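Here are my notes on the model you sent. Please keep the structure open while you read.

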Amino acid sequence: DNYTFNFLPDFFKKYNFFDLSSSEYRIPLIIIVLIAFFYLLKAIILTIKIFYLEKSIANLQKRLAHDLYQKYLNESLNFMKLNNSSKLIRNIQGEVTNFCTKNIPTILNLISDIILFFSISFVLIYLQPLLSLLIITFFILIGSFFAAITKKSNYQFGELRTKFSKYLIKHLMESFNGFRVIKIFHKEKFFLSIFKHFSKNEIEARKNQLIFQNLPLVWLEFFGILTILLILIFTTYYKYNFDQIFSFLALFMVAMYRILPSINRILKSIQALRFGNVSLRILQENLEQNSGNDKEKKSFNEQIPNIEFQNNIKISNLYFKYKDNENYIIKNLNAEIKKNNITGIFGKSGSGKSTLIDLICGLIEPSRGEITINDYKINNNYFWQSKIGIVPQEPLLFTGRLSRSRALRTVGFLDGLLGS
């Protein structure tokens, strides 16, 4: 204890921490303080940058997911029947996440790496113009070669990933929805084999993409070393001056050390953007596609502000088929539903009972013919739909508290059931 106590004053005296009048220790201390300040400032700037970047990406992801989900909710029932729900879920969850967490950072990294590459190139060209231009051109040609031969594969791997991602989500939804059937018929192995197939293909697409992304650096280094060896053989054979050889090789090694990582990162970013291009394309197509549903609803509701069911619902010469089908589900149907009467619709499975209900509700439009209420056509009229009560075949149940179901007041006694 005495040794430690006596040591501290001598230690501070020796290095004069509190008295900067001695030039012997003042300059080193100033340098240490400046270095510490520089890295502290760098750490603060990078911290702010990380927080701002991640916050911006998160806000973009929330906005894209919200806009895409809102667009799907505003689409017609026909759109939902033609598009598998697993595809829509993949778009909202998978493609939005891929675009925001991978494409956006990759674009930013690509810009910074290109700036760094040209900055290093300008410095090298300033020091040794001719040799630097030759070296930089050599590496650019090799990088361009790798970018060209992997271009098609990058796009293919991206398409495969989205394709099997959709199949995988669809299979999982079907498995969990039909869990009782799977257990009764002991089909666990069958469903597991299908899952294995879809999962394997999606993972293989990601794996192949990562292999292609990491290969360029290996071969860039190989060609760089091979070039150095060829230069050594060439200069030795023609008996060049050792100083000239050494200066050239030194410059070449510096160029390899500084430029190769930049070229490799640029190549990886380009390949990653190609792989993720399918996410950008899907989001662009889905967000820019104009269904016209809102426009039709607005124009029709402006003409007819309200519809009251006063007399009857008339169905006249009604035909209906889905867009991709040749056969009509409903053909030349004529009927009348009178007010204050109970009307039943019956028929075989697939005969069009549910489709007719959807047509009466204005959720889908007839291919031919018309449905009228008090001589007004039903075409996705909001006011008419707000007066309809319906008990669906597949009930919509929310996870969590029952009070969330207040938003769906399709059954008259729901408010009384939930209470205050």
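Which residue forms a salt bridge with K207? The points below start there.

1. **K207 and its partner.** The partner is E204, with the closest N and O atoms 2.8 Å apart. Both residues lie in helix 7, 3 residues apart, about one turn of the helix. K207 is partly exposed, at 37% relative accessible area. E204 is also partly exposed, at 30%. An α-helix has 3.6 residues a turn, so residues three or four places apart point the same way.

2. **Another pair in helix 7.** E202 and R206 form a salt bridge, with their closest N and O atoms 3.5 Å apart. They sit 4 residues apart in helix 7, about one turn. E202 counts as buried, at 11% relative accessibility. R206 is partly exposed, at 27%.

3. **The helix itself.** Helix 7 covers residues 188–237, 50 residues in total. From first C-alpha to last it reaches 71 Å, close to the expected 74 Å. Look for a kink of about 25° at L215, shortly before the proline P216.

4. The whole structure holds 10 salt bridges. One of them joins the side chains of E95 and R161, at 3.0 Å from N to O. This pair links distant parts of the chain: E95 is in helix 4 and R161 in helix 5 (residues 129–177), 66 residues apart. Both residues are buried.

5. **F122.** This residue lies in helix 4, which spans residues 85–127. Is F122 buried or exposed? F122 counts as exposed because its relative accessibility is 58%, above the 50% cut-off. Its C-alpha is 9.5 Å from that of L133, 11 residues away along the chain.

6. **Cysteines.** The structure holds 0 disulfides. C100 is buried, with a relative accessible area of 0%. C361 is buried too, at 10%.

7. **Confidence.** This is a predicted model. The mean pLDDT of the protein chain is 78, and 80% of its residues reach 70 or more. Where pLDDT is low, the predicted coordinates should not be read in detail.

Methods
Residues numbered from 1 in each chain as written. Heavy atoms only, no water. Helix = DSSP H or I, 4+ residues; strand = E, 2+ residues; numbered from the N terminus. Expected span 1.5 Å × (residues − 1). Bend = angle between axes of the 7 residues up to and from the residue. Disulfide = S-S within 2.5 Å. Buried < 20%, exposed > 50% of the residue type's maximum accessible area, 1.4 Å probe, protein only. pLDDT = per-residue confidence, 0-100. Salt bridge = Lys/Arg side-chain N within 4 Å of Asp/Glu carboxyl O.
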